[in-house]
Amino acid sequence: MQKITTFLWYDKQAEEAAELYTSLFDDSRIVSVQHYGEAGPGAPGDVMIVEFELAGQRFLALNGGPQQFAFNEAMSLSVDCGSQQEVDRLWSKLTEDGGEEGPCGWLKDKYGVSWQIVPTKLPELLADPDPVKSQRVMDVMMGMKKIEIQGLLDAYDK
């Protein structure tokens, strides 16, 4: 069992969010769904907690009612993407239906959860021992919303 599990608080969309997230990543699944009983505080039978896995990592999602503490960028889920196609697919799915694009590969999904959609190539280029090359990559990345790998490579190779 995983020692530390990310716990996410939703108003009433925990199951919907878990279904979206698990549809996006291999090795992902809904593990269990718990419902409120007579004791509440939710209505009996309503979904209370959804336990799910994303790429083998366990998460819990609570339908806790209107959020007293909204999601923000201080906590985000960072996704390592092996290709531009993966970046594009995740970016599209996570920003649709009310999600918001942010700078430098960050976005908020329609539930307000912050994500970083990061091509594997980005940290490799930023870690280059040539500070001129890595700075050019950083400068280009700072002007992007969704990360475009070709743009990073073009800056690196100038």
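Guide: Gladly, and let us begin with a helix and its cover. The buried residues of α1 are covered by elements that include β1 (6-10), β2 (29-35), β3 (47-54), β4, α2 (84-95) and β8 (114-119). Please keep in mind that this is a predicted model.

Visitor: Which residues of helix α1 are buried?

Guide: First the general idea: an α-helix has 3.6 residues a turn, so residues three or four places apart point the same way. In this structure, α1 spans residues 14-24, and its buried residues are Ala14, Ala17, Ala18, Leu20, Tyr21, Thr22 and Leu24.

Visitor: Now let me step back. How many helices and strands does the chain have?

Guide: The chain has five helices and eight strands. Read from the N terminus, their order is β-α-β-β-β-β-α-β-β-β-α-α-α.

Visitor: And what are the overall figures for the chain? How many of its residues count as buried?

Guide: Of 158 residues, 40% count as buried. Along the principal axes, the C-alpha atoms fill a box of roughly 65 × 30 × 25 Å. The chain exposes about 8,900 Å², and carbon and sulfur atoms supply 52% of that area. As for contacts with a separation of 6 or more, 58% of them are between residues 24 or more positions apart.

Visitor: Which backbone nitrogens lie by the polar atoms of the Asn63 side chain?

Guide: There are two to find here. The backbone nitrogen of Gln13 is 3.1 Å from a polar atom of the Asn63 side chain, and for the backbone nitrogen of Ala14 the distance is 2.8 Å. Ala14 is also one of the buried residues of α1. Beyond its neighbours within four places in sequence, Asn63 has contacts with Tyr10, Asp11, Lys12, Gln13, Ala14, Tyr36, Val47 and Met48.

Visitor: How should I read the backbone angles?

Guide: In general, most residues other than glycine have a negative phi, and most peptide bonds are trans. Asp27, which is not a glycine, has a positive phi of about 55°. You will find Asp27 in the loop between α1 and β2, and Asp27 counts as exposed because its relative accessibility is 57%.

Visitor: Is Cys104, with its positive phi, buried or exposed?

Guide: Cys104 counts as buried, since its relative accessibility is 18%. Its phi is near 55°, and its place is in the loop between β6 (100-101) and β7 (106-108).

Visitor: Which peptide bond is cis?

Guide: Look at the bond from Gly40 to Pro41, which is cis with omega near 10°. Pro41 belongs to the loop between β2 and β3.

Visitor: How do I describe two helices that pack together?

Guide: Two packed helices are described by the angle between their axes and the distance between the axes. Here, the axes of α4 (residues 131-142) and α5 (residues 149-157) come within 8 Å and cross at roughly 145°. The crossing of α4 past α5 is right-handed. On the α4 side the contact is made by Lys133, Arg136, Val137, Val140 and Met141, and on the α5 side by Gly151, Leu152, Ala155, Tyr156 and Asp157. Sorted by class, six residues of this contact are nonpolar, one is polar and three are charged.

Visitor: What lies after α5?

Guide: Lys158 lies in the segment after α5. Lys158 is exposed, with a relative accessible area of 74%. The C-alpha atoms of Lys158 and Gly98 are separated by 37 Å, and these residues are 60 apart along the chain.

Key
Residues are numbered from 1 along each chain as its sequence is written. This is a predicted model: local features need pLDDT of at least 70, side-chain atom pairs count only at pLDDT 80 or more; totals for chains, interfaces and linings use all residues. Side-chain values use heavy atoms; hydrogens and water are left out. Axes are lines fitted to C-alpha atoms, for helices over the stretch in contact, and angles run from 0 to 180 degrees between N-to-C directions. Helices (H or I, at least four residues) and strands (E, at least two) are DSSP runs, numbered from the N terminus. A crossing is left-handed if the near helix is turned anticlockwise from the far one by less than a right angle, and right-handed if clockwise. Contact means heavy atoms within 4.5 Å. Ala, Val, Leu, Ile, Met, Phe, Trp, Tyr, Cys and Pro count as nonpolar, Asp, Glu, Lys and Arg as charged, and the others, Gly among them, as polar. Buried means under 20% relative accessible area, exposed over 50%, partly exposed in between (1.4 Å probe, protein chains only). Accessible areas come from the Shrake-Rupley method with a 1.4 Å probe; for residues, only the protein chains shown count as cover. A polar contact is a pair of N or O atoms within 3.5 Å; within protein, one must be able to donate a hydrogen and the other to accept it, and residues adjacent in sequence count only if both atoms are side-chain atoms.
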